[in-house]
Every structure is written in C-alpha cells, then in structure tokens.
Amino acid sequence: MKPTEVVTAAAVEAPVIVAVAEPQSYSIFGDLVMLTKARLTMLVLMTTALGFGFGSSRAIDWFLLFRVMFGTAFVAASASVLNQFFERKVDRLMGRTKDRPLPAGRMLPGTALGLGILLAVAGEIYLMNRVSYLCAGLAAGTLATYVALYTPMKRKSAWCVTIGAISGAIPPMIGWAAATGSLGLGAWILFGILFFWQMPHFLSLAWMYRDEYAQAGFFMLRRKDIAGIKTATESLLCAVALTVVTLLPALLGLAHLYYVPVALVCDGWLLVCAAVFLAQRSRGAARRLFLASILYLPLVMALLMVCRR
C-alpha cells in the first residue's frame, strides 16, 4: 500500500468532530421585552416620574404617579412596537437588530402591528380617563413624532436625530402636566435638559455603529461627514447648551443653590468627554461619551429631585 493510501484510509476511519453552536433559545416573554424595547420604555417612565416629582409642590401623590406612568408605559411600548414593525426589513441588515422577533421571523408583522395599535389605544384612553386630556395629548405627540416622523426620516436625513430628541424630551412634560395640571416653565426646562442630553448620547452611538447604519440605509449622521467633525462638534455644542439649561432650575428658583456645584461637576464631566470625542473622533472616544451620558442623566435627575424647592 502506498503512503498516500494509508493516509486516505486513516482519514476515512478517523472520527470527524464538528463544532456546532447551540441554537439560542427564545421565549414569548423575551420577545415581548425585545419588541417593546423595555430599557427605552423604562427610560421614558423614569423621565416621566422626574417631571411629576419635580412639578409636585407638596407631598407626591403616589396613586396619581402610578396612573400617569401606567398609561405612559402603554404608549411608549406601542411606539417601540410600531417602530420595529415599519423597520422590520432593514433590521435584518444590522447585527444589532437582526435577532429581533420580526426580522428573525419569530413573530408575524400583523401580530406586531395589532399589538402596537392596541397598546397605543389602551394607553391613550387610560390617560384621558384616569389622568388628564393634556397628558394624553402629550403622549400622543410623543407617539406621533417617534413613529410618523423619526422612523421614516431615518432613511432620508440626519435630522432624524433631532426629531427623535424632541420625541424623547416630551415624557417629563407629561409628568409635570399630571402633577400641576398645566405646562409651566419647569416643564420646558426639563424638555430642554432631555433634548440636549439626547444629542451627544445618540450621536456618539450613531458614530460607533455608523457602518451598520449606512449598510441598512439609515442617515443617522451628516452626509459627507466622513471624518466625524460635524458629528463631534454638534455633540460638544449640545453639551454646552445642556450645561446652561441644567443650571436654570437654580437660577429661576426651582431648585436650591447647592444644586449648582454638583450639577457643574456632572456637566463638566460630560463636556470633557465631548471635547475628547471632537479631538479624537475614534470609536473609543465615542464610547466614553456614550457611557458618560448614560451615567449623567440619572445623576442629574436624582439631583433635581433632592434639590427641588
């Protein structure tokens, strides 16, 4: 027998071990959590509670707070479901989203559409009957801005980030309106804080995943901004504006003066991260800015609650 024949025989007789990755298991509950973007919904509820607490001049009415958060949760969840319904095809093109229930084929589009509409209607009816028409109107504005404007604009213009920031800045106004019955100066200050915070938060995220967004046909960044100068500059300018708006509660008598030095520390930290992002425009610098923004918001929210007059 020739040497080559020996090798061939051994190769045939030897067991072949093939590494097969275990399929990832999914549950209905897990898919619903993913479909309603539970973390985003929780952020909406946190900012709604911030507006309610900051606007409450007396002891907090916990039952009213529960009602406004309950109705808002339904509307926020519906916005996420409807957003994924309309983006189900392009979600298949991105690694971050291809395992969602709709692009992965674990849920029928009609089921998601029906669920989104049901959540929206239920949330709006609840808010109108158990809270106020003003809160229901603000929630409807958030839903419409997110689904009807932000979602389709992502495939047309980088202005979608600004539109998305408007939608995300309305929830604290819902809380304020529930606590006070109207939209006062404090509601607009909270709107400004949430709006300017979202800009460096989402722009840094868009820069980190710019290749995936471009592959899916999303215009999350300014066109021809290959070096990222416009994106990083906009992030820094919005961080500066955020610093100014953050100080308004104390300057206008809505918060105690000892709020100012702590707020300045938080703002200074975010400004440094935004400046580094502008100087380097790397994925690492964008990630640091993104993580800093995640920590920044709950710190400022807690500070506003502690220092409110």
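Author: Helices here are DSSP runs of H or I with at least four residues, strands are runs of E with at least two, and both are numbered from the N terminus. This is a predicted model, where local features need pLDDT of at least 70, side-chain atom pairs count only at pLDDT 80 or more, and totals for chains, interfaces and linings use all residues. Residues are numbered from 1 along each chain as its sequence is written, and side-chain values use heavy atoms, with hydrogens and water left out.

Reader: How many helices and strands does the protein have?

Author: The protein has 13 helices and zero strands.

Reader: What does the C-alpha trace span along its principal axes?

Author: About 95 × 45 × 35 Å.

Reader: And what share of the residues is buried?

Author: Of the 309 residues, 46% are buried. Buried means under 20% relative accessible area, exposed over 50%, partly exposed in between (1.4 Å probe, protein chains only).

Reader: Switching to the surface. Which residues make the nonpolar patch?

Author: Ile117, Val121, Ile125, Met128 and Tyr133 make a patch of about 490 Å². Areas come from the Shrake-Rupley method with a 1.4 Å probe, and for residues only the protein chains shown count as cover.

Reader: Which helix gives the largest share?

Author: Helix H5, residues 109–130, with four residues.

Reader: Where does Tyr133 lie?

Author: In helix H6, residues 133–153. Tyr133 is exposed, at 65% relative accessible area.

Key. Patch = residues over 30% accessible without salt bridge, like charges linked within 9 Å, V, L, I, M, F, W, Y side chains within 5 Å. Salt bridge = Lys/Arg side-chain N within 4 Å of Asp/Glu carboxyl O.
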